[in-house]
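Please keep the sequence and the model in view while reading.

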Amino acid sequence: MARSNGLPRRFAGSLVTAAGLLVVLGGVLAFGLMARSGAASDPAGQQTELLRLEAQRVSAERSYAVKRWYVGRVEADQASDLGFERSGLLRGIAVDEGDRVGAGEVVATLDDRRLLAERVTRVAERDEAAARLELERITVERLDVLKARQTVSGQEYREAKSELRVAEAALARAEAAIAEVDVGLDKRRLVAPFDGVVARRFRDNGQVVNPGEPVLRLLESSRPRVRIGVGPNELPELAVGASSSVEISGRRFPATVAAILPTRDARGRGVDVIFSIDSELGEIKEGDLARVGLEREVAAEGFWVGIRALAEGTRGLWSVYLLDGDRSEVATVRPVAVEVLHYEEDRAFVRGLVAHGSVIAADGLHRVAPGMAVRPVLARDLEQAAAALSKLSERSR
């Protein structure tokens with residue numbers, strides 16, 4: 001009884017083992033067939049889909065432009081602290097800060113009552129001198145008649161002529177005194193020397209001011225200027241009368257090089273350059289920061305690459321990944337050392353053993369390694385594909 005039960009159990013175990021072997025063998029055969037099929041489709045043993053890598057074609061250059069920014073300040077073309085030539089009581093200020101005035105406009109006056117009273121006195125003195133002069137002329141005319149008749153002495157005649165000259169001098173002196181008072185009255189008025197804007201008011205009505213003490217600060221409103229210290233390397237690129245542009249508060253204004261000053265800064269060896277702006281004070285303010293960008297050509301052989309095309313090498317060196325092969329087929333990645341001569345925000349000018357027209361990797365350097373096979377796609381082709389896709393999308397709408 002026990003023997004008849006043992007035979008079926010061993011037979012069942014053998015069947016399970018055979019089935020497992022058949023499954024394993026089938027998997028091995030299937031893997032072999034797939035490998036053979038893959039080998040037949042790709043004899044070289046390469047992957048069917050290569051990595052598509054953005055690339056750029058380099059162009060050899062003999063120079064590059066360096067642009068540097070220099071900062072300065074806005075100034076009025078003319079700025080004057082207006083004051084009186086004589087002391088006196090400030091009677092009236094006709095303008096306030098921010099007002100625009102024209103050339104010749106009276107902006108402030110001093111009390112002139114004392115000068116007006118003095119002028120009345122001087123006029124009376126002039127009239128007295130004129131009356132005396134008239135009397136002396138009549139006397140001389142009478143003596144001329146008597147001298148012709150020889151009834152007057154020579155001494156008396158000479159004294160009369162002398163008195164006439166004294167009277168003439170007295171009249172001239174009186175008229176000069178009146179003119180001086182008139183000048184003083186005119187100086188009691190403060191006149192704007194040019195068209196401008198009142199920038200500051202230093203005094204108020206009723207105060208006594210001294211000669212030359214500032215009362216108002218006037219800035220010329222038309223054609224302000226910018227004073228900027230320019231470095232010695234960029235100075236040869238400038239010439240008086242040349243057109244330029246100045247950036248003030250994020251806005252660009254057309255400008256002209258008005259003057260290049262003949263002195264150098266002792267610290268930076270720069271030279272102050274005056275730029276005349278085609279604008280007015282109002283939209284820009286005196287003291288605003290301004291900057292100008294100046295370009296200078298530097299002679300050097302090399303080529304421009306994007307910043308993402310540079311890979312950091314050993315010992316502080318840089319390299320680019322040269323793609324050997326035609327751009328429409330498979331290319332092999334090969335690093336080439338380069339020297340960075342100049343860099344900007346998104347590109348750099350480098351030199352190295354890269355021929356004109358060579359294709360280098362423009363981006364995605366972290367996904368490749370030396371000797372790796374890739375399919376390069378030039379940035380120009382990417383732009384054309386994006387444009388075609390955009391047109392197709394517009395048509396579908």
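## Buried residues and their surroundings

Isoleucine 178 is buried, with a relative accessible area of 6%. Here buried means under 20% relative accessible area, exposed means over 50%, and partly exposed is in between (1.4 Å probe, protein chains only). The model is predicted: local features need pLDDT of at least 70 and side-chain atom pairs count only at pLDDT 80 or more, while totals for chains, interfaces and linings use all residues. Residues are numbered from 1 along each chain as its sequence is written, and side-chain values use heavy atoms, with hydrogens and water left out.

Isoleucine 178 is part of helix H3 (residues 154-187). Helices (H or I, at least four residues) and strands (E, at least two) are DSSP runs, numbered from the N terminus. Setting aside residues up to four places away in sequence, isoleucine 178 touches Arg119, Arg122, Val123 and Arg126; contact means heavy atoms within 4.5 Å. Valine 120 is 58 residues from isoleucine 178 in sequence, and their C-alpha atoms are 8.7 Å apart in space.

Serine 276 belongs to strand S14 (residues 271-277), and isoleucine 360 belongs to strand S20 (residues 359-361).

| Residue | Relative accessible area | State |
|---|---|---|
| Tyrosine 64 | 10% | buried |
| Serine 276 | 12% | buried |
| Phenylalanine 349 | 0% | buried |
| Isoleucine 360 | 0% | buried |

Apart from residues up to four places away in sequence, serine 276 touches Arg223, Pro224, Arg225, Pro254, Ala255, Thr256 and Ala258. Isoleucine 360 and glutamate 54 are 306 residues apart along the chain, and 8.8 Å separates their C-alpha atoms.

## Strands and pairing

An open sheet is formed by four strands in the order S7-S6-S4-S9, with antiparallel pairing. Two strands pair if DSSP finds at least two bridges between them. At the edges are strand S7 (189-191) and strand S9 (208-209), each of which pairs on one side only. Three bridges join S7 to strand S6 (residues 106-110) in the antiparallel sense, and valine 106 has valine 191 in S7 as its bridge partner.

S2 and S15 are also antiparallel, paired over 12 bridges. In this pairing, lysine 67 stands opposite glutamate 295 in S15. S2 is joined to strand S11 (residues 225-230) by four bridges, again antiparallel, and arginine 73 stands opposite arginine 227 in S11.

## Aromatic rings

How many aromatic pairs does the structure hold? There are two aromatic pairs. Rings of Phe, Tyr and Trp (its six-membered ring) pair if their centres lie within 6.5 Å; planes under 30 degrees apart count as stacked, over 60 as edge-to-face and the rest as tilted. Tyrosine 64 and phenylalanine 349 make a tilted pair, 4.8 Å centre to centre with 35° between the planes. Their partners come from distant parts of the chain, 285 residues apart: tyrosine 64 is in strand S2 (residues 61-75) and phenylalanine 349 in strand S19 (residues 347-352).

The ring centres of tryptophan 304 and phenylalanine 349 are 5.2 Å apart and the planes are at 70°, so this pair is edge-to-face. Because tryptophan 304 lies in strand S15 (residues 289-306) and phenylalanine 349 in strand S19, the pair ties together parts 45 residues apart in sequence. Tyr64, Trp304 and Phe349 form one aromatic cluster.

Charged side chains also sit over rings, which requires NZ of Lys or CZ of Arg within 6 Å of the ring centre and within 35 degrees of the ring normal. The charged end of arginine 347 is over the ring of tryptophan 304, 3.7 Å from its centre. Arginine 291 lies over the face of tryptophan 69, 3.8 Å from the ring centre.

## Nonpolar cores

A nonpolar core is a set of buried Ala, Val, Leu, Ile, Met, Phe, Trp, Tyr and Cys residues joined through side-chain atoms within 4.5 Å. The largest has 23 residues, and Val226, Ile248 and Phe275 have the most contacts inside it. S14 gives the most to this core, with four residues. A second, separate core of 17 residues includes Leu82, Phe194, Val198 and Val215.
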